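Subject: Structure handover

Hello,

Please find the structure below. My notes on it come after.

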Amino acid sequence: MMAKLFRAVIMGPPGSGKGTISERIAQSFGLKHLSSGDFLRENIAANTEAGVLAKTYIERGLMVPDHVMTRLLLPRLEEMTRHSWLMDGFPCTLAQAKALNSTCDLDLVISLNIPYETLKDRLSDRWIHPASGRVYNMGFNPPHVQGRDDLSGEPLIQHDNDQPEALVARLRHYKDVAKPVIDLYKSKGILHMFSGTETDRIWPYINSLLSTKIPSRPETDTQHIPLP
Ligand SMILES: Nc1ccn([C@H]2C[C@H](O)[C@@H](COP(=O)(O)OP(=O)(O)OP(=O)(O)O)O2)c(=O)n1
Ligand SMILES: Nc1nc2c(ncn2[C@@H]2O[C@H](COP(=O)(O)OP(=O)(O)O)[C@@H](O)[C@H]2O)c(=O)[nH]1
């Protein structure tokens with residue numbers, strides 16, 4: 001018999017560790033990690049209609065509008081009816097949360113609450129391998145060779161909007177748009193908030209929460225199937 005499917009969302013401001021923790025969850029529990037940022041970048045690279053549109057916003061440092069995000073993400077989730085997944089970076093707004101609600105029932109929402117100073121330090125030190133989305137931090141998880149991706153050896157880059165000047169505005173925006181989303185999930189009784197300054201100290205709590213919700217690794221046999 002197939003294990004019950006499990007659907008979760010991870011929320012948090014830029015730099016809060018969504019990507020890092022999502023990778024740990026995917027590894028430990030066999031959920032598929034869906035990253036809205038990676039998905040946007042794939043669509044931009046493939047020049048899809050929605051990708052071309054999304055690019056015009058991202059290039060200007062703006063959030064992609066709700067209707068573009070939902071048009072991109074919801075069909076993808078509908079293809080995932082037989083998978084357990086963890087979504088990172090979507091929903092960002094109440095409109096996105098409502099659209100997601102009409103597509104599927106979430107089991108759990110993780111919200112990361114990390115102090116501003118910590119976010120600032122982490123992001124100014126964040127290096128990314130653009131092709132894969134692999135993320136490094138010069139202190140926390142440095143690449144084996146400085147400035148190079150561990151697997152491909154290709155150069156790492158930094159995002160301009162990870163620098164402190166852009167961060168204050170990004171955080172303010174996150175707080176404004178995330179509040180009603182967090183309230184919605186709180187009212188549904190599925191929100192779990194984690195606070196702290198170190199991923200390694202938060203992780204054991206998330207790990208034990210998920211262990212109570214996902215008794216055995218679901219879909220261990222399908223987790224390596226490439227994304228549809
Ligand atoms: N629901 C979403 C998710 C993402 N984006 C946009 C804003 C980002 O600039 C871009 C890339 O998404 P990422 O999640 O990869 O962006 P960051 O890495 O900059 O965000 P974070 O720092 O939160 O990981 O897509 C958006 O408009 N709406
Ligand atoms: N110093 C430090 N860096 C961390 C920690 N957790 C994550 N990072 C790094 O902080 C940056 C932001 O993390 P990321 O997972 O990309 O966050 P996201 O923006 O929420 O997806 C990355 O460079 C991570 O490698 C931590 O506990 N300490």
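The notes cover the two ligands first, then an annotated segment and some local features.

This is a predicted model, in which local features need pLDDT of at least 70 and side-chain atom pairs count only at pLDDT 80 or more, whereas totals for chains, interfaces and linings use all residues. Residues are numbered from 1 along each chain as its sequence is written, chains are lettered from A and ligands numbered from 1 in the order written, and side-chain values use heavy atoms, with hydrogens and water left out.

Ligand 1

There are 16 residues around ligand 1, and the nearest are Arg41, Val64, Gly89, Arg126 and Arg170. A residue is near a molecule or strand if one of its heavy atoms lies within 4 Å of it. By class, this shell holds seven nonpolar, five polar and four charged residues. Here Ala, Val, Leu, Ile, Met, Phe, Trp, Tyr, Cys and Pro count as nonpolar, Asp, Glu, Lys and Arg as charged, and the others, Gly among them, as polar. Helix α2 (residues 36-45) contributes the most to the shell around ligand 1, with four residues. Helices (H or I, at least four residues) and strands (E, at least two) are DSSP runs, numbered from the N terminus.

Polar contacts are pairs of N or O atoms within 3.5 Å; within protein, one must be able to donate a hydrogen and the other to accept it, and residues adjacent in sequence count only if both atoms are side-chain atoms. Oxygen atoms of ligand 1 have such contacts with these side chains:

- arginine 126, at 2.7 Å
- arginine 170, at 2.8 Å
- lysine 18, at 2.9 Å

The protein buries 85% of the 560 Å² that ligand 1 exposes when taken alone. Accessible areas come from the Shrake-Rupley method with a 1.4 Å probe; for residues, only the protein chains shown count as cover.

Ligand 2

Around ligand 2 there are 17 residues, of which Gly15, Lys18, Thr20, Arg126 and Thr199 come nearest. The classes here are five nonpolar, eight polar and four charged. An oxygen atom of ligand 2 lies 2.6 Å from a polar side-chain atom of threonine 20, and one is 2.8 Å from an N or O atom in the side chain of asparagine 141. A nitrogen atom of ligand 2 is 2.5 Å from a side-chain N or O atom of threonine 199. On its own ligand 2 has 580 Å² of accessible area, and the protein covers 89% of that. The elements giving two or more residues to its shell are α1 (18-29) and β6 (134-137).

Annotated segment

UniProt places "domain: Adenylate kinase active site lid" at residues 126-158, in an unreviewed entry. UniProt positions are given in the numbering used here, feature names are shortened, and annotations may be inferred rather than shown by experiment. Over residues 126-158 the chain is 0% helix and 24% strand, with the end C-alpha atoms 7 Å apart.

Local features

Phenylalanine 90 and proline 91 are joined by a cis peptide bond, with omega about 0°. Proline 91 is in the loop between β3 (85-88) and α5 (94-101). Asparagine 47, in the loop between α2 and α3 (49-58), has a positive phi near 55°.

Regards
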